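Here is a brief report on one protein chain. Please keep the sequence and the 3D view open while reading.

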Amino acid sequence: MEVQDVRQLDVDVDVDVVVVGAGFAGLYLLHRLRQAGIAARCFEAGADVGGTWYWNRYPGARCDVESMQYSYAFSDALQQEWQWSEVFAGQPEILRYAGHVADRFDLRRDISFNTRITAASYDAQARRWTVTTDHGDVISCQFCVMATGCLSEGKLPEIAGLDSFRGPLYHTGRWPHEGVDFSGLRVGVIGTGSSAIQAVPEIARQAAALVVFQRTPNYSIPARNRPMTPDYASSWKSIYAERRETARHTRSGTIYDFGTVSAMEVSAEAREAEYWARWNKGGANFMSAFNDIAVNEHSNHSAAEFVRARIQETVQDKALAEALTPHDYPIGTKRICIDSGYFETFNQPHVTLVDLRANPITHITPDGVATRDATHTLDAIVLATGFDAMTGALSRIAITGQDGQKLSDTWQEGPRTYLGLMTAGFPNLFLVTGPGSPSVLSNMMVSIEQHIDWITECLTYLRANAVSTIEAATQAQDDWVAHVNEVANRTLYPRAASWYMGANVAGKPRVFMPYIGGVGEYRRRCTEIAQAGYPGFALHGQV
Ligand code: FAD
Ligand code: NAP
């Protein structure tokens, strides 16, 4: 294997670990590896750290898990000193936080920015990976960790004429860093997922006219975001370690007020009162009102009906309210949205909804969007059309494993992993929050930290025991995939055409990708496997 440093950069061409991606996962991994004395180099396509929060700068972007929980727990000093200004921090503040972490732990010196990994191939003889960048650098490493993000590969809509539009086209996940001024403009937003639901109220504040193109109406719960008060912050910080530990063993990695009974076990009045209490409090806690909203269709229906009623009473025009009301999939089976005035925005006279089910887009023209029945003249178009989720970033890298097999071929029928951490045939290649792990169904900070801790401890174990390769065993992987599917099929999730199912990308296999067995249960299994010396993985000694 020829190893060369084409750019003569400060890139070590021979390292223990290559980390791909400098979002929250890559940053924490660099920190842990350094602590463990393992040499690592990180490559990041963007010009700075932050991942999701570096790219998604659309107006209104903010977290939907409270910031006291959507933040790192690994350093008590960090969590004590950092002060969030709002209960749900906005994107600029979360990005500043990522930058602060990079500075505080001096991580940038091990990151090559503006550098995309294009290929990774395993040399079975040398038992090493060769990783190639878009600048032509070739790096040799023993281990490769894909911290490439589950929602980092934006998805453009397949609409004819997209390139012909004369005005600017913005994807929410690749927002210009200098911001966009929509003042006085006629703006179209295509899509009504979480990104659009956050952006629409903000764009409406500026635009002269806003047209929202909706294919599927969405359920959304008000965030009721508010400034962080010292009392609220200290209610967390005074017992932070204890709370973080509790969160690690919950279903979602988040401390919610988890209902303990079925929605069907209580009276209609008690049910309504519980929904109202949570609705008034705001946030995704609404979905935990009862313990069976995700699995029992009657319980789910009761929660969905409650939200439908709120939409109907918020939107003044009855036909418009009906068009904005979701009916044909269970609540929560597409990621629940959390909004700040989304439905209210449609009461403004300069905001229009185009229901694409009644009137589909035929094509984009140089001047706007043409639907079957009308043409909408626009100055700018926002594509809030989502991501090639969970597998998209990986599929953009030519990953070749043992015996020359390509990851894209191996996963043709859907991703197959053991624990969402490794995949058979690809030794020493780790995935962070990969398909088959709780990942996008959880507070991602908790899942990221759990994976990074597990991977670091695994590498430390391998080194201590003179093991040079670790690989998922096919049988263990098959059993895990079967378990992941079986658990998903016990829920209502597979009933929605969601990105969890790969349904938003033409030709992508319809497989429920994340593991819905719960963050706590998943952690327990991963820990047990590590403590038992990694059963289900094949370990081999030195070359
Ligand atoms: P990312 O942050 O996606 O970072 C991956 C990085 O890898 C990116 O910077 C990318 O440029 C880089 N990369 C990818 N491929 C390559 C390559 N080939 N070469 C080099 N670099 C590469 N989760 C929550 O739990 N709560 C929330 O409130 C929440 N809000 C969200 C809001 C938005 C708008 C979005 C899109 C997602 C949100 N998420 C939320 C999910 C979010 O993605 C995770 O919480 C978390 O930020 C993921 O961190 P990560 O490091 O795993 O991946
Ligand atoms: P998304 O949920 O996949 O939504 C994409 C939207 O675009 C959907 O409404 C989809 O309609 C529509 N769409 C796609 N292609 C279209 C086409 N050709 N014509 C018309 N409409 C089209 O993507 P997202 O809103 O970016 O959110 C993705 C995920 O990121 C979220 O689920 C969440 O996990 C995370 N996120 C979180 C927050 C937060 O609140 N913290 C904010 C943003 C994102 P269909 O439904 O009909 O496919």
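## Confidence

This is a predicted model. The chain has a mean pLDDT of 96. Of its residues, 97% reach 70 or more. Residues 1-10 are another matter: their pLDDT is below 50. Even so, this stretch has 21 contacts in the model beyond near neighbours in sequence. Where pLDDT is low, the predicted coordinates should not be read in detail.

## Domains

The domain assignment gives two entries. Domain 1 is made of 13-153 + 389-534, and domain 2 covers 162-383. Their centres, taken over C-alpha atoms, are separated by 27 Å. Domain 1 puts 51 residues into the contact, and domain 2 puts in 46 residues.

## The parallel sheet

Five strands make up an open sheet with parallel pairing. Their order is S7-S16-S8-S9-S12. Strand S7 (169-171) and strand S12 (351-355) are the edges. Each has a single partner strand, so one side of each lacks a neighbour in the sheet. On average, neighbouring strands are turned by 20° against each other, direction ignored.

Inside the order, strand S8 (residues 186-190) pairs with strand S9 (residues 209-214). The sense is parallel, over five bridges. Arg 186 stands opposite Ala 209 in S9.

## The antiparallel sheet

Another open sheet has three strands, in the order S13-S14-S15. Here the pairing is antiparallel. Strand S13 (361-365) and strand S15 (375-377) take the edges. Each has one partner strand, so one of its sides is left without a neighbour in the sheet. The twist from one strand to the next averages 20°.

S13 and strand S14 (residues 368-371) pair over four bridges in the antiparallel sense. Across this pairing, Ile 364 stands opposite Val 369 in S14.

## Lys 334

Where is Lys 334 found? It lies in the loop between helix H10 (318-323) and strand S11 (337-339).

Leaving out residues up to four places away in sequence, Lys 334 touches Thr 216, Tyr 329, Ala 496, Ala 497, Ser 498 and Tyr 500. Lys 334 and Ala 496 are 162 residues apart in sequence. In space, 6.4 Å separates them, C-alpha to C-alpha. The side chain of Lys 334 also reaches the backbone oxygen of Ala 497, at 3.4 Å.

Conventions. Residues are numbered from 1 along each chain as its sequence is written. Chains are lettered from A and ligands numbered from 1 in the order in which they are written. This is a predicted model: local features need pLDDT of at least 70, side-chain atom pairs count only at pLDDT 80 or more; totals for chains, interfaces and linings use all residues. Side-chain values use heavy atoms; hydrogens and water are left out. pLDDT is the predictor's confidence in each residue, from 0 to 100. Contact means heavy atoms within 4.5 Å. Two strands pair if DSSP finds at least two bridges between them. Helices (H or I, at least four residues) and strands (E, at least two) are DSSP runs, numbered from the N terminus. Axes are lines fitted to C-alpha atoms, for helices over the stretch in contact, and angles run from 0 to 180 degrees between N-to-C directions. A polar contact is a pair of N or O atoms within 3.5 Å; within protein, one must be able to donate a hydrogen and the other to accept it, and residues adjacent in sequence count only if both atoms are side-chain atoms. Domain bounds come from an automatic or database domain assignment.
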